[in-house]
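Hello,

Here is the structure we talked about.

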Amino acid sequence: MYTLVVRPGCHLCEQAEESLAQIESERGIEWRAVNIDDDPALAQYSDDLPVLLDGPRAVTKLTSSKVVLDKATKPGMWSRIKSSLHFN
């Protein structure tokens, strides 16, 4: 279950909700929108809305792009990203 952190009146948030609704109908992902003002624990994301969370981890910030949200919600995305990173 993905959580989209939003704020009422946020244009990018509304677009992100539309994009996720399309992805949901195409691939059947589960998601919900949560108003940041209703949950003080989400205050850390106030400057980054909309934020898509996969559990406790933010997977996207400041985007409503369907392409980006689609990639971020594909199974195994984080394991592919981690394996491509190189740390010194």
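Which residue in strand 2 does Thr-3 stand opposite? Thr-3 faces Arg-32 there. Please keep in mind throughout that this is a predicted model.

**Confidence**

The protein chain has a mean pLDDT of 89. Of its residues, 85% score at least 70. Strand 1 (residues 2–6) has the highest confidence, at 98. Helix 3 (residues 77–84) has the lowest, with a mean of 56. Where pLDDT is low, the predicted coordinates should not be read in detail.

**Layout**

There are 3 helices and 4 strands in the protein chain. Along the sequence the pattern reads β-α-β-β-β-α-α. The chain has 88 residues, and 36% of them are buried. Take the contacts with a separation of 6 or more: 58% of these link residues 24 or more positions apart.

The 4 strands make an open sheet in the order 2-1-3-4, and the pairing is mixed. Strand 2 and strand 4 (57–61) are the edges. Each has a single partner strand, so one side of each has no neighbour in the sheet. From one strand to the next, the twist averages 30°.

Now the pairs, one by one.

- Strand 1 and strand 2 (residues 31–35) run parallel and are joined by 5 bridges. Between them the chain passes through helix 1 (residues 11–27), and this β-α-β crossover is right-handed.
- Strand 1 and strand 3 run antiparallel, with 4 bridges. Here Leu-4 stands opposite Leu-52 of strand 3.
- Strand 3 and strand 4 also run antiparallel, again with 4 bridges. Asp-54 is opposite Arg-57 of strand 4, and Leu-52 is opposite Thr-60 of strand 4.

Strand 3 and strand 4 form a hairpin, with 2 residues between the strands. Gly-55 sits in the turn and has a positive phi of about 70°.

Helix 1 packs on this sheet. The helix touches strand 1, strand 2 and strand 3. Its direction makes about 160° with that of strand 1.

**The core**

In soluble globular proteins, nonpolar side chains tend to be buried together. The largest nonpolar core in this model has 22 residues. Which of them touch the most other members? They are Leu-4, Val-5, Leu-20, Leu-42 and Leu-52. Strand 1, helix 1, strand 2, strand 3 (51–54) and helix 2 each give two or more residues to this core.

Leaving out residues up to four places away in sequence, Leu-20 touches Leu-4, Ile-29, Trp-31, Leu-52 and Leu-69.

**Around helix 2**

Leu-69 lies in helix 2. Is Leu-69 buried or exposed? Its relative accessible area is 0%, so Leu-69 is buried. Beyond four places in sequence, Leu-69 touches Ala-16, Ser-19, Leu-20, Ile-23, Leu-52, Thr-60, Thr-63 and Ser-64. Take Ile-23 from that list. Leu-69 and Ile-23 are 46 residues apart in sequence, yet their C-alpha atoms are 8.3 Å apart in space.

Asp-70 is placed in helix 2 (residues 66–72). Why is Asp-70 classed as buried? Its relative accessible area is 17%, and buried means under 20%. Apart from neighbours within four places in sequence, Asp-70 is in contact with Ile-23 and Arg-27.

Ser-64 is in the loop between strand 4 and helix 2. Ser-64 counts as buried too, because its relative accessibility is 15%. With residues up to four places away in sequence set aside, Ser-64 touches Leu-12, Gln-15, Ala-16, Ser-19 and Leu-69.

**Where to begin**

Open the view on Leu-69, in helix 2. Its contacts include Leu-20, Leu-52 and Ser-64. From Leu-52, step across to Leu-4, which stands opposite. From Ser-64, step to Leu-12 and Gln-15, which are among its contacts. Leave helix 3 aside for detailed reading: its mean pLDDT is 56.

Best wishes

Notes: Residues are numbered from 1 along each chain as its sequence is written. This is a predicted model: local features need pLDDT of at least 70, side-chain atom pairs count only at pLDDT 80 or more; totals for chains, interfaces and linings use all residues. Side-chain values use heavy atoms; hydrogens and water are left out. pLDDT is the predictor's confidence in each residue, from 0 to 100. Two strands pair if DSSP finds at least two bridges between them. A crossover is right-handed if, with the strands pointing away from the viewer, the path from the first strand over the helix to the second runs clockwise. Buried means under 20% relative accessible area, exposed over 50%, partly exposed in between (1.4 Å probe, protein chains only). Contact means heavy atoms within 4.5 Å. A nonpolar core is a set of buried Ala, Val, Leu, Ile, Met, Phe, Trp, Tyr and Cys residues joined through side-chain atoms within 4.5 Å. Axes are lines fitted to C-alpha atoms, for helices over the stretch in contact, and angles run from 0 to 180 degrees between N-to-C directions.
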